[in-house]
Amino acid sequence: MIASRAGQELPPGLRTVDEALHRTRFRILPFLGPAFIACVAYIDPGNFATNIAAGSKFGYLLVWVIVAANLMAMLIQTLSAKLGIATGRNLPEVARDELPRRLTWGLWVQAELIAMATDLAEFLGAAIGFQLLFGWALFPAAVVSGIAAFAILGLQRWGVRTLEAVIAVLVGVIGGCYVVELLFADPAWDQVLKHAVDPKFGSTEALLLAVGILGATVMPHVIYLHSALTQDRLVPETEEDAKTLLRYTRIDVMIAMSIAGLINVAMLVMAAATFYKSGLLDVDSLDGAHKTLEPILGPASSALFALALIASGLSSSAVGTLSGQVVMQGFISRTIPVTVRRLVTMVPAFVVIAIGVDPSRTLVISQVVLSFGIPFALVPLIWFTSRRQIMGPLVNRAVTNVAAVLIAAIIITLNIVLLALTFGAA
């Protein structure tokens, strides 16, 4: 499949792996980008709330949970990227070609619902960030968020590399804000390192919060999207090209996901060093964290928190919209203008704001809805990447299949537990 591309004339704008390797001074640069877009989903507003709750209630105890979750995410995102490289198709397209038509339509419907639930949380997160930073009412904050989101999506007219660069900058803003936050907070680094490798819960309540952190580890919409970002970005003409591209893609994933993991750890550590140390054990909302930071660490710290939340919400909202485009095009071979999709997915957020529903509660509910979609993306991904007739020379090794199945079982089980706890069934 890969070798059959050799000698074909490429569409305008596409480059071969060989061109990328030999026409750039820094060989790694042409291969970086897709994972940075995908990693945004791991530092979205939902992560803010969960990590702050964990740090404020249990100190540094659950740092290891974030480390384990990030390692799981690295493997899953690598598999998604590899599917795009090996097949030249994204995950929804492979599902459409390999699965019965009725099943693919069902997968499309659930994927659209999941994408909308995800976008709701991320758009609300950006609006809350503007509200906290400038003191605006939530509705005008949402309007500004919408305008900013359209501006980010409009960058695609200058090419995907421009969008990737802007997303990377926003990730850098989030990371930079938390570096400064940590300087303010002055955490106990020996305790951070200890609990990063010491898997303990300490109590039933800590176990339940760990389930919440791990349960939302893998985001279904970026599993779909990552395969699309790599499917034709650089074209391998031979099997050796494909292996080279995969090798550099792994580096892209490791760098981007490590940054996302460190930001998540920084969120928890900041909350532990600030709220837990001060005895403020019930800081479990974004608004509460913002209000509490100022008297403890000063006004600059609360402003940085709000700025990081804005960057998180806007970048992850743009990624969610792109994911929606991928699932529609892939599953049912239909597309709509991205501006139309952006308008449609903004409507639920404005409805929530207009009727006065608690935004923090809405964030929690959206995360629960999101967890329903994980098996529908994860299981097909593992199945397809384990089949040689689909993947060719990039088929999963046996050890990769075992690790992927184990991770999928853990994530799916924890999400079932999370859903049961959320709806009071346990």
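This is a predicted model: local features need pLDDT of at least 70, side-chain atom pairs count only at pLDDT 80 or more; totals for chains, interfaces and linings use all residues.
Residues are numbered from 1 along each chain as its sequence is written. Local features need pLDDT of at least 70, side-chain atom pairs count only at pLDDT 80 or more, and totals for chains, interfaces and linings use all residues, while side-chain values use heavy atoms, with hydrogens and water left out.

Let us start with confidence. The chain has a mean pLDDT (the predictor's confidence in each residue, from 0 to 100) of 85, and 91% of its residues reach 70 or more.

Rolling a probe the size of a water molecule over the atoms shows where empty space is left. On a 1 Å grid over the protein atoms alone, a cavity is a set of points where a 1.4 Å probe fits but cannot get out, and lining residues have an atom within 4 Å of a point. The count comes to one cavity of 30 Å³ or more, and the largest cavity has a volume of about 70 Å³, a volume being the space filled by probe spheres set on the points, which are joined across faces, edges and corners. Its lining includes Phe-31, Ile-85, Leu-229, Arg-233 and Asp-252. Helix H11 (220-230) and helix H12 (239-278) each give two or more residues, and H12 provides the largest share, three residues.

Helix H11 also holds His-226. His-226 counts as buried because its relative accessibility is 1%, and buried means under 20% relative accessible area with a 1.4 Å probe, protein chains only. Not counting residues up to four places away in sequence, His-226 touches Pro-34, Ala-35, Ala-38, Gln-77, Ser-80, Ala-81 and Val-253.

Finally, turn to the second largest pocket, with a volume of about 700 Å³. A pocket is an open set of points with protein on both sides within 12 Å along at least five of seven lines. This one is lined by 24 residues, and Val-160, Ala-228, Leu-229, Asp-232 and Arg-233 lie nearest its centre. Helix H8 (160-185), H11 and helix H14 (299-332) each give two or more residues to the lining, with the largest share, four residues, coming from H14.

Notes:
Buried means under 20% relative accessible area, exposed over 50%, partly exposed in between (1.4 Å probe, protein chains only). Contact means heavy atoms within 4.5 Å.
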